[in-house]
Amino acid sequence: MTEPTDLTSSLLAEARALAPELAALRHDLHRIPELGLDLPLTQARLLEALEGLGLEVTTGTGLSSVTAVLRGARPGPAVLLRGDMDALPVTEDSGEAFTSEHEGLMHACGHDLHVAGLVGAARLLASRREDIAGAVVLMFQPGEEGQHGARVMIDEGVLDAAGERVVAAYGVHVISSLVPTGAVTGRPGTAMAAADQMYVRVHGRGGHGSTPHLAADPVTAAAEIVLALQTAVTRQFDAHDPVVVSVGRLAAGTIDNVIPETAELDATIRTFSPEHHAVVPERLTRVVEHVAAAHGLTAEVDYVRGYPVTVNDADELERAARLTRTVIGPDAWLPAPRPVSGAEDFSYVLEQVPGAYVFVGATPAGVDPATAPYNHAAQARFDDDALPVSAALLAALALDRLAEG
Ligand SMILES: [Zn+2]
């Protein structure tokens, strides 16, 4: 491996010089948040920002993605850098001067910074083309907030966009609280949870509340299912590899003295290992069906697979930690003691190629990270100073990995 400092030493200073331009791009995107897989305005603004960089740009067919390939002066492997682009159905209350102009929509998860940060990385890499042996695939992805956009882009060939399979993949996520701006945090192995959903309908037989023995009560069965799920979590899964089940919706009946025909419950299920993610649907479905059966009822279970566990490759995570210290600052790396319970569809990429996904602090200056509004809050604010940090770190990851050959 070549000395990383040869390639990466001036990255942060260069990224800071680009900061006003990146912030302007971010503010433009922030004003025009769009949802899901179809982000035409965002895509158009991004394509404009990538002009003149000498990239091979293609756009998606099933979604408004942008894939841009940057080729170095010499042959070598390909690596992937990813930024997601979609917003959330949140009415903005951040007080920012560049607040959303789209009613009911907001870049409340900072994906506008992800686009601008990755454009910054593209500019840094484009100016070093002569030093690069290999290619960098820039993956600008719609539909992270539940629409499986990364999987769609994989299906459309993003991992092979350079003409060969990428050997590594990297991404960053900004956070509006908990971590000060400029700090980078992450952990080897599980970085983020898998998130599934379970929709249950318990079928009974309605009747008069005074004579439950003549009916088949779905309400008591549903109540027992809620508790049995919690028991299953603690009895069927290793406590050191947790499973979280939360029933967020429970609904039945219309009035106190009528036993309804059905009861419904909806749950979110978080797992932190691919092993538990693999077995959790069957185990929870069994509990639901058999508790219902124990009382002479039936239960219909619609178990929906969400995003898989996001798993960082240990060596690639170590690369991210090392480059954070050398490129961003000696104290900038904060090892994360635990995974995040949220889920992320970059997990689909990391299932296919080794890589690292880390968090970049973006708590606004002068705000206590401990109490700042968190990502997805209508009040969430993200510090533009996270942009040069993201850009420099992403560029450094690509350069350092490509230097290995
Ligand atoms: Zn996000």
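A salt bridge here is a side-chain nitrogen of Lys or Arg within 4 Å of a carboxyl oxygen of Asp or Glu. By this rule the count comes to 25 salt bridges. The model is predicted.

Q: Why is the pair R45 and E48 called a salt bridge?
A: The N to O distance between their side chains is 3.4 Å. The cut-off is within 4 Å, so the pair qualifies.

Q: What separates R45 and E48 along helix α3?
A: The two sit three residues apart in helix α3 (residues 40-50), so about one helical turn lies between them.

Q: Why is R45 called buried?
A: Its relative accessibility is 19%. Buried means under 20%, so R45 counts as buried.

Q: What makes R201 and E264 a salt bridge?
A: Their closest N and O atoms are 2.6 Å apart.

Q: Are R201 and E264 buried or partly exposed, and why?
A: R201 has a relative accessible area of 34%. This falls between 20% and 50%, so R201 is partly exposed. E264 has 18%. That is under 20%, so E264 is buried.

Q: Why is D400 called buried?
A: D400 has a relative accessible area of 2%. The limit is under 20%, so D400 is buried. The residue belongs to helix α10 (residues 386-403).

Q: How do you know that the side chains of D400 and R322 are in polar contact?
A: A contact of 2.8 Å joins them. The distance limit is within 3.5 Å, so this value passes.

Q: What makes R401 and E404 a salt bridge?
A: Their N to O distance is 3.7 Å. R401 is buried at 12%, while E404 is partly exposed at 39%. Salt bridges with shared partners join E316, R319, R322, D400, R401 and E404 into one network.

Q: How do you know that domain 1 and domain 2 touch?
A: In contact are 19 residues of domain 1 and eleven residues of domain 2. The two domains bury about 910 Å² between them, 64% of it on carbon and sulfur atoms. On the domain 1 side, V309, S341 and A343 lose the most area, together 51% of what that side buries. Across this interface the rule finds zero salt bridges, but six residue pairs are in polar contact.

Conventions: Residues are numbered from 1 along each chain as its sequence is written. This is a predicted model: local features need pLDDT of at least 70, side-chain atom pairs count only at pLDDT 80 or more; totals for chains, interfaces and linings use all residues. Side-chain values use heavy atoms; hydrogens and water are left out. Contact means heavy atoms within 4.5 Å. Buried area is the accessible area (1.4 Å probe) that two parts lose on being put together, summed over both. A polar contact is a pair of N or O atoms within 3.5 Å; within protein, one must be able to donate a hydrogen and the other to accept it, and residues adjacent in sequence count only if both atoms are side-chain atoms. Helices (H or I, at least four residues) and strands (E, at least two) are DSSP runs, numbered from the N terminus. Buried means under 20% relative accessible area, exposed over 50%, partly exposed in between (1.4 Å probe, protein chains only).
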